[in-house]
Amino acid sequence: MNQPENINAELLNWSGQVFSKGHGTGNDFVLIADPAGEQELSASAVVAICDRRLGIGADGVIRAVKSSNLAEGRALTETAPEAEWFMDYRNSDGTIAEMCGNGVRVFVQFLLDEGLISLQLGETLPVGTRAGVKLVERTAQGFAVDMGVWNFIFPELAAARGVDSLVTADSLEVARPALSISTGNAHTVVALANRSELDELELFKEPIVEPAAEHGSNVEFALPDEPLVSDGVATISMRVHERGSGETYSCGTGACAAALATRFWAGEGAPNDWQVNVPGGQLQVTFFIGADGKEHIRLSGPAVIVANGTFI
């Protein structure tokens with residue numbers, strides 16, 4: 001449990017810093033503009049900010065930095081100089097995350113609200129992340145992100161058995177087979193049998209994944225609709241335990257992974273258009289062939305800035 005005196009001391013270090021609070025389908029973030037890369041974002045500071053009783057409360061902290069002012073950003077701009085802005089994202093426990101599908105949409109809305117960019121409907125902004133450059137298009141419903149190419153984490157096992165690991169979670173009586181997929185960060189997806197299994201999941205503790213991905217993974221529990229496909233669109237419901245954050249209302253990269261796994265299990269003829277229902281709302285996932293000839297993921301959904309404030 002976080003100690004109040006430690007939280008208070010960390011927050012005092014941020015006195016006078018302006019911030020915004022935003023969310024994408026309930027996946028919430030504290031956002032800070034630091035174009036010059038001058039504000040140190042330590043793990044202990046992130047923990048203090050994200051504490052839901054003693055701090056502001058969030059699933060993570062996003063710092064908006066000019067790519068030229070961050071080592072990871074400079075490395076990206078060597079091949080993608082158009083990626084002016086870098087999304088420096090930390091989970092609520094202070095750990096660094098490679099990518100956040102909901103976060104990158106909220107990041108772009110934040111840049112717009114702060115007057116740091118201009119982006120008209122239909123225009124696209126390249127954003128630097130630790131999972132590469134992501135192209136974010138402004139739409140009437142929010143933003144659509146080209147999440148890039150996906151891959152199986154254990155491809156031989158996936159091809160041979162359709163699953164590659166076992167997941168143990170509270171409220172599930174036995175370990176369940178699962179499939180591990182990278183959509184910019186690592187995910188392990190479990191298929192559930194019915195609505196009660198989804199509703200009764202207890203995700204206070206981190207599920208155990210065996211074998212685990214090298215740096216751990218988020219764990220998604222997916223329930224296909226019955227019927228799965230209606231008017232050419234497949235629908236699933238999902239809950240998620242995010243590495244470094246716990247259960248969240250939504251996970252964009254996880255929604256992509258859950259749709260991918262369910263499509264894989266559904267077999268030939270499964271559609272490329274998916275709706276993923278999460279506790280915080282709805283996300284749309286589309287699979288398409290990119291200019292590189294490889295299959296990409298397009299994630300679409302809302303982004304909302306709900307408050308602005310100043311640390312006191």
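Me: What should I know before starting?

Reply: This is a predicted model, where local features need pLDDT of at least 70, side-chain atom pairs count only at pLDDT 80 or more, and totals for chains, interfaces and linings use all residues. Residues are numbered from 1 along each chain as its sequence is written, and side-chain values use heavy atoms, with hydrogens and water left out.

Me: How many helices and strands does the chain have?

Reply: Helices (H or I, at least four residues) and strands (E, at least two) are DSSP runs, numbered from the N terminus. Here there are 7 helices and 19 strands.

Me: What does the radius of gyration say about the chain?

Reply: The radius of gyration is taken over C-alpha atoms, and the globule rule is 2.2 Å times the number of residues to the power 0.38. For 312 residues, a compact globule would come out near 20 Å. The chain has 19 Å, which agrees. Along its principal axes, the C-alpha trace spans about 55 × 45 × 30 Å.

Me: What percentage of the residues is buried?

Reply: Start with the cut-offs: buried is under 20% relative accessible area, exposed is over 50%, and partly exposed is in between (1.4 Å probe, protein chains only). Buried residues make up 53% of the 312 in this chain.

Me: What about contacts between residues at least 6 apart in sequence?

Reply: Contact means heavy atoms within 4.5 Å. Of the contacts you ask about, 64% join residues at least 24 apart.

Me: How many side chains are positive, and how many negative?

Reply: Lys and Arg count as positive, Asp and Glu as negative; His and the chain ends are not counted. The place of a charge is NZ of Lys, CZ of Arg, CG of Asp or CD of Glu. The chain has 20 positive and 41 negative side chains. The centres of the two sets lie 2 Å apart.

Me: Which residues touch the most other members of the largest nonpolar core?

Reply: In soluble globular proteins, nonpolar side chains tend to be buried together. A nonpolar core is a set of buried Ala, Val, Leu, Ile, Met, Phe, Trp, Tyr and Cys residues joined through side-chain atoms within 4.5 Å. The largest one here has 54 residues, and Met87, Phe107, Val108 and Val285 touch the most other members. Apart from that core lies another, of 15 residues, including Ile7, Ile49, Val61 and Phe311.

Me: What does Phe107 touch?

Reply: Leave out residues up to four places away in sequence. Phe107 then touches Leu31, Ile62, Arg63, Ala64, Trp85, Phe86, Met87 and Val127.

Me: Which residues of helix 2 are buried?

Reply: Helix 2 covers residues 43-50, and Ala45, Val46, Ala48, Ile49 and Cys50 are buried there. Their cover includes helix 1 (4-12), strand 2 (27-33), strand 3 (60-66) and strand 4 (85-91).

Me: What do I look for in the backbone?

Reply: Most residues other than glycine have a negative phi, and most peptide bonds are trans. Now look for the exceptions. The bond from Glu210 to Pro211 is cis, with omega near -5°. Pro211 sits in the loop between strand 12 (208-210) and strand 13 (218-230). Another cis bond joins Glu226 and Pro227, with omega about 0°. Pro227 is in strand 13.

Me: Where is Ser171, and what is its phi?

Reply: Ser171 lies in the loop between strand 9 (165-168) and strand 10 (176-182). Its phi is positive, about 85°, although Ser171 is not a glycine. With a relative accessible area of 38%, Ser171 is partly exposed.

Me: Is Asp231 buried or exposed?

Reply: Asp231 is exposed, at 78% relative accessible area. Asp231 also has a positive phi, about 55°. Its place is the loop between strand 13 and strand 14 (233-242).

Me: Is Trp150 buried or exposed?

Reply: Trp150 counts as buried because its relative accessibility is 17%. Trp150 is in the loop between strand 7 (142-149) and strand 8 (151-152). Beyond four places in sequence, the residues Trp150 touches include Ile181, Leu260, Arg263 and Ile297.
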